[in-house]
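Please read these points with the sequence and the model open beside you. They are short notes for someone who has not seen the structure before.

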Amino acid sequence: MTGAACVLVERPGMLTTVQDCGRHGWQHVGVVPSGAMDCGSLQLANALVGNSLDLAGLEITLRGPTLLFQGATLLALTGAQHDARLTLDGREMPCPLNRPVLLHAGDRLTIDQPRHGFRAYLAIAGGIDVTPLLGSRCTYLAAAMGGVEGRALKKGDSLPLAGDAYALAQARFDQLTRDSAPATGQRRSVRWSVAPRSLPCDEPTVVRCVDGHHRHLFTPEALAAFEAGSYRISPQSNRMGYRMLGARLERARPGDILSEPTALGTVQVPADGLPIVLMADHQTTGGYAKIAEVAAADIGRLAQLRPGQEVRFVRCTLPEARALAQAQHQALQVAVQAIRLKYNAPTAGH
Amino acid sequence: MQALGDAAVLIEFADHLDLSVNTRIQELAKAIRHRHMPWILDVVPALATLAVHVDPISLGFGDPIEPVRNLLTQCLDEGLTHTRSTRQVRIPICYETEFGLDLEDISQRTGLSVEEVVQRHQHSEFMVLMVGFAPGHPYLGGLAPSLSVPRRSAPRVKMPCGSVAIANAQCVVYPFEIPGGWSVVGRTPLRVFDASRRQPSLFEPGDQVRFERIDRGGFDALARKEGTQ
């Protein structure tokens, strides 16, 4: 496929995967939605490059990749705060975050350790065009499904872009800059940016939860410990689940639980008493006691925490959890509308 | 019926496994799925429960319990008529010792001969109670009661792909090389899960399943055809 629009992966980073908003409709045959752990940040990145919000981008975990561009490419980096660097004609300059950036053939983007947050999202105008599987391009690592051969990026990969990605990049960037005074030198970005989403601001980070199906099986001491204490995120955490280190939670009534469906954010407690929060790649069913369910609105923030950081689970009601989700959705819509006005095309999309 | 977080509803039909209740759950799950409601993302039947995952945006961030309850009532009122067509799935299996890693062990635990274990497994009429744990990984009910053995104390780190295994009156088929603590009776050469197929999963909840014994030659021929070997 010579000539097809792509990006070369010179260095893959620690765990960089192609993700979108998830593969829905297959949980009855054991396929979890997967998708971006901090979906709001991916959606914001997509909006910044003029994409519809659910196109596939890169999820960059901790140490990021070095990418070599092969043609005009419009990208945006959101989520974790990186000191990302651009190399343009041998000159190095910082890559601005949370705004659209135009690169050309031969330019390089290097992303190292983030200063804050855990997962960064890179969207490219037109999206990353790997072959969709069961209606989604996202990578489900445990089943080696989707994305680039079902795995994390590796050195030498060529990431396929939309066929018209190069033309789209220039056209969209022209749309963004047509009213600006001519700049000296080659213009690479815009003068505005959007506020990042999901980044936790204090520790321990509050994670709000509604009651779980098996809450009544736990001792009053266990419930008090779960809600009063703080938990440290274990190094054994991954895209399937966040394992928590802290007070062990005992059940008043032990015994087997029949396997039942789980959800994104289910807090399950296995026999060792240490809670596990189920994340994007979780198993669709499970037989552990569910003490709580993390509010959907707080999943993105949890996904931005690293192993070693502390969280505090705070109980909330279902109406509160739904109101949080609604407020978060509205805040994203406001940001998206503001970006679309910059493009001067309220229905910009691909 | 209760919330499973703020974006799903869990309906509990029983607190224990009852095959007739499970059959009902499977019919209901299919009836709901066939309605293709835009606000429903996933319908997940399990052993004695059913989850409906919703899209909160489509529901205006309202309580999903009422719409799910209404939908359930409608489906039940219609008598689940269009879901009677239960799929009959026939799975070739090779019980030779190379594949039936635990046949000897099951024989010792049950006091049956290896051939009797094989016969009773092969003549069990199975039903897919749930697909979970991994993509395409079925939990089959209907195992001959005489074959009920507990889980092995030391799980295997990697179950060979296609292994058919039993424990606690159920039977599973491993779609990938994953860890497992069930006792292996044989192996199917079929590809249990393939996301590129139109029907990615060999097993779907509610299917009726029979195993058909094949010999090593038959296994190899099918495995070549399926590309599993």
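1. Chain B has 229 residues, for which a compact globule would have a radius of gyration near 17 Å; its own value is 19 Å, so the two agree. The radius is taken over C-alpha atoms, and the globule rule is 2.2 Å times the number of residues to the power 0.38. The C-alpha trace of chain B spans about 55 × 35 × 35 Å along its principal axes.

2. A word on the source. This is a predicted model in which local features need pLDDT of at least 70 and side-chain atom pairs count only at pLDDT 80 or more, while totals for chains, interfaces and linings use all residues. Residues are numbered from 1 along each chain as its sequence is written, and chains are lettered from A and ligands numbered from 1 in the order in which they are written.

3. Chain B holds five helices and eleven strands. These are DSSP runs numbered from the N terminus, with helices (H or I) of at least four residues and strands (E) of at least two. Of the 229 residues in chain B, 45% are buried (20 or more other C-beta atoms within 10 Å of the residue's own, with C-beta atoms placed from the backbone). Among contacts in chain B between residues at least 6 apart in sequence, 63% join residues at least 24 apart; a contact means that the two C-beta atoms, placed from the backbone, lie within 7 Å.

4. How many residues of strand β8 (residues 163-167) of chain B are buried? Four of its five are, and the strand is mostly covered. β8(B) pairs in the antiparallel sense with strand β10 (residues 183-187) of chain B over four bridges, where pairing requires that DSSP find at least two bridges between the strands. B:A165 has B:V184 in β10(B) as its bridge partner.

5. β8(B) also pairs with strand β9 (residues 170-173) of chain B, in the antiparallel sense and over four bridges. Here B:C171 in β9(B) is the bridge partner of B:I166. The hairpin of β8(B) and β9(B) has two residues between the strands, and B:N168 takes a positive phi near 45° in this hairpin.

6. Chain A is divided into domain 1 (6-182) and domain 2 (205-316), with bounds from an automatic or database domain assignment. The centres of the two domains, taken over C-alpha atoms, are 30 Å apart. Their contact takes 18 residues from domain 1 of chain A and 13 residues from domain 2 of chain A.

Key: Buried ≥ 20, exposed ≤ 12 C-beta atoms within 10 Å, placed from the backbone.
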